[in-house]
Amino acid sequence: MSLVEVENLHRVFRMGRGADDVTAVNRASFHIDAGEALGLVGESGSGKSTIARILVGLERADSGAVRIDGVDRLRPVHGRRARLARAQAAQMVFQDPNGSLDRRLSVTESLQRVLLLHRRVSGRVAARSEALALLDRVRLSERHAEAKPHELSGGQRQRVAIARALAVSPKLVVLDEAVSALDVSVQAQVLDLLGEIQRESGVGYLFVSHDLAVVQEICQRVIVLFRGGIVERGQTRKVLDAPDHPYTQLLLASTPGPDWKPERVAQARMTFTQRMSVVTEA
Ligand SMILES: Nc1ncnc2c1ncn2[C@@H]1O[C@H](COP(=O)(O)OP(=O)(O)O)[C@@H](O)[C@H]1O
Ligand SMILES: [Mg+2]
């Protein structure tokens, strides 16, 4: 059994008023093993966030199955205990950490709340020392402990958001464009940290990003999403070095980098358009 098992996941947004419905997720199936980092890539609007949000219970699915650690995630849960248990299995880190951090609380207060809510510790003293240990784990010092979110840099805030996710010892952390808003050097540090945490704790990651360079840093395997459907999957090295699907080829050709060439993008776009028109006509 894999840590995460997703089968035929489907989600259509009904737009109403004669507008076309949007199939955000189109019969997607994939798995994540314990301790594995799976990359989920695709251009903006391809359905990445919808999948991420369904996994942590922030969005519902129309059909399909999602199991995390063997537990059905699509059935609605009732009661505080069940909700806490669900949150404990899978946590999410967003692009903008401000959404998950209370601006009135200091960094340690935020972490202490989560620890006490989930009964990871009993009593304030233990909560404080565990909060400091979590900060240490994301390489923030005691100097940051009493800071409010707005007093921190973007990279430091994202470290706090990661610490907050780790506070419940989740089996899975879903990271949705978690480093996309950071400068490249800060991005590298946070990716480094995420890799280290994964090796030490064996937590699984679903790592959502439009940036292939970032995915390459941290993910063992990757799936490529196009209009809600998975068009390619495999070992990250293999998919990025020798992509099979024209959409992956286009995605790679469009990525800025040392060997970015306008002719390559034009060529990839042509191959892609041809292949896709064949698919739609069929
Ligand atoms: N709550 C919503 N209501 C209507 N449409 C939505 C909603 N959330 C997402 N969508 C649409 O679903 C598609 C996939 O969106 P999303 O999952 O956010 O993609 P990504 O994260 O890859 O950019 C887009 O066309 C988007 O406009
Ligand atoms: Mg998104």
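## Basis of the description

A residue counts as buried if 20 or more other C-beta atoms lie within 10 Å of its own, exposed if 12 or fewer do, and partly exposed in between, with C-beta atoms placed from the backbone. By this criterion, 40% of the 282 residues of the protein are buried.

The model is predicted: local features need pLDDT of at least 70 and side-chain atom pairs count only at pLDDT 80 or more, whereas totals for chains, interfaces and linings use all residues. Residues are numbered from 1 along each chain as its sequence is written, and chains are lettered from A and ligands numbered from 1 in the order in which they are written.

## Overall fold

The protein contains eleven helices and ten strands; these are DSSP runs numbered from the N terminus, helices being H or I of at least four residues and strands E of at least two.

Its C-alpha atoms fill a box of roughly 65 × 45 × 40 Å along the principal axes. Among contacts (C-beta atoms, placed from the backbone, within 7 Å) between residues at least 6 apart in sequence, 66% join residues at least 24 apart.

## Domains and their contact

An automatic or database assignment sets the domain bounds: domain 1 spans 4-242 and domain 2 spans 243-282. Their centres, taken over C-alpha atoms, are separated by 29 Å. Eleven residues from domain 1 and eight residues from domain 2 form the contact.

On the side of domain 1 that touches domain 2, α8 (212-218), β9 (221-226), β10 (229-235) and α9 (236-241) each supply at least two residues.

Note on methods
Two residues are in contact if their C-beta atoms, placed from the backbone, lie within 7 Å.
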